[in-house]
Amino acid sequence: MTDAPNIAQKGAFSVEVQEGKTYWWCACGRSKRQPFCDGSHKDTGFEPVKYTAEESKKVRFCGCKHSASAPLCDGTHNRL
């Protein structure tokens, strides 16, 4: 188990989401399907974060895995 997530990328993942659809954001940074979970968090102590789109639009999912607004980007990657 680790206490810090892997940084998948220093920047956001821009994704078109669909209203009413649920997405599972990777919190550990290990997923090969960034920014979404592929189960790679097993035995890490991390769990994916559920995000349900309230409307169809482009959102910016956190890529550095350190956002205080997870699963969305808050610019924290600029300070890493």
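Visitor: Which residues form one aromatic cluster here?

Guide: The cluster is made up of Y23, F36, Y51 and F61. This is a predicted model, in which local features need pLDDT of at least 70 and side-chain atom pairs count only at pLDDT 80 or more, while totals for chains, interfaces and linings use all residues. Residues are numbered from 1 along each chain as its sequence is written, and side-chain values use heavy atoms, with hydrogens and water left out.

Visitor: How many aromatic pairs does the count come to?

Guide: The count is four aromatic pairs, where rings of Phe, Tyr and Trp (its six-membered ring) pair if their centres lie within 6.5 Å, and planes under 30 degrees apart count as stacked, over 60 as edge-to-face and the rest as tilted. One of the pairs is F36 with F61, which is edge-to-face, with 5.2 Å centre to centre and 75° between the planes.

Visitor: What does that pair of F36 and F61 tie together?

Guide: F36 sits in the loop between β2 (22-25) and β3 (49-52), and F61 belongs to strand β4 (residues 57-61), so the pair ties together parts that are 25 residues apart in sequence. Strands here are DSSP runs of E with at least two residues, and helices are runs of H or I with at least four, numbered from the N terminus.

Visitor: And are F36 and F61 buried or exposed?

Guide: Both F36 and F61 are buried, a term that means under 20% relative accessible area, with exposed meaning over 50% and partly exposed in between (1.4 Å probe, protein chains only).

Visitor: Which residues touch the most other members of the largest nonpolar core?

Guide: Those are V15, V17, Y23, Y51 and F61, in a core of 16 residues. A nonpolar core is a set of buried Ala, Val, Leu, Ile, Met, Phe, Trp, Tyr and Cys residues joined through side-chain atoms within 4.5 Å. At least two residues of this core come from each of β1 (13-17), β2 and β4, and the largest share, three residues, is supplied by β1.

Visitor: What is Y23 in contact with?

Guide: Leaving aside neighbours within four places in sequence, Y23 is in contact with E16, V17, Q18, F36, V49, K50, Y51 and A53, where contact means heavy atoms within 4.5 Å.

Visitor: Where does A53 lie?

Guide: A53 lies in the loop between β3 and β4, and A53 is buried, with a relative accessible area of 4%. The C-alpha atoms of A53 and V17 are separated by 6.4 Å, although these residues are 36 residues apart along the chain. With neighbours within four places in sequence left aside, A53 is in contact with V17, Q18, E19, G20, K21 and Y23.

Visitor: Changing topic, how many disulfides does the structure hold?

Guide: The structure holds zero disulfides, a disulfide being a pair of cysteine sulfur atoms within 2.5 Å. For C62, which is in no disulfide, the nearest cysteine sulfur is that of C64, 3.8 Å away.

Visitor: What is H41 in contact with?

Guide: Beyond neighbours within four places in sequence, H41 is in contact with C28, F46, E47 and P48. H41 is found in the loop between β2 and β3 and is buried, with a relative accessible area of 18%.

Visitor: Last one, which residue forms a salt bridge with K57?

Guide: The partner is E55, with the closest N and O atoms 4.0 Å apart. The count comes to one salt bridge, defined as a side-chain nitrogen of Lys or Arg within 4 Å of a carboxyl oxygen of Asp or Glu. E55 is partly exposed, with a relative accessible area of 43%, and K57 counts as partly exposed at 36% relative accessibility.
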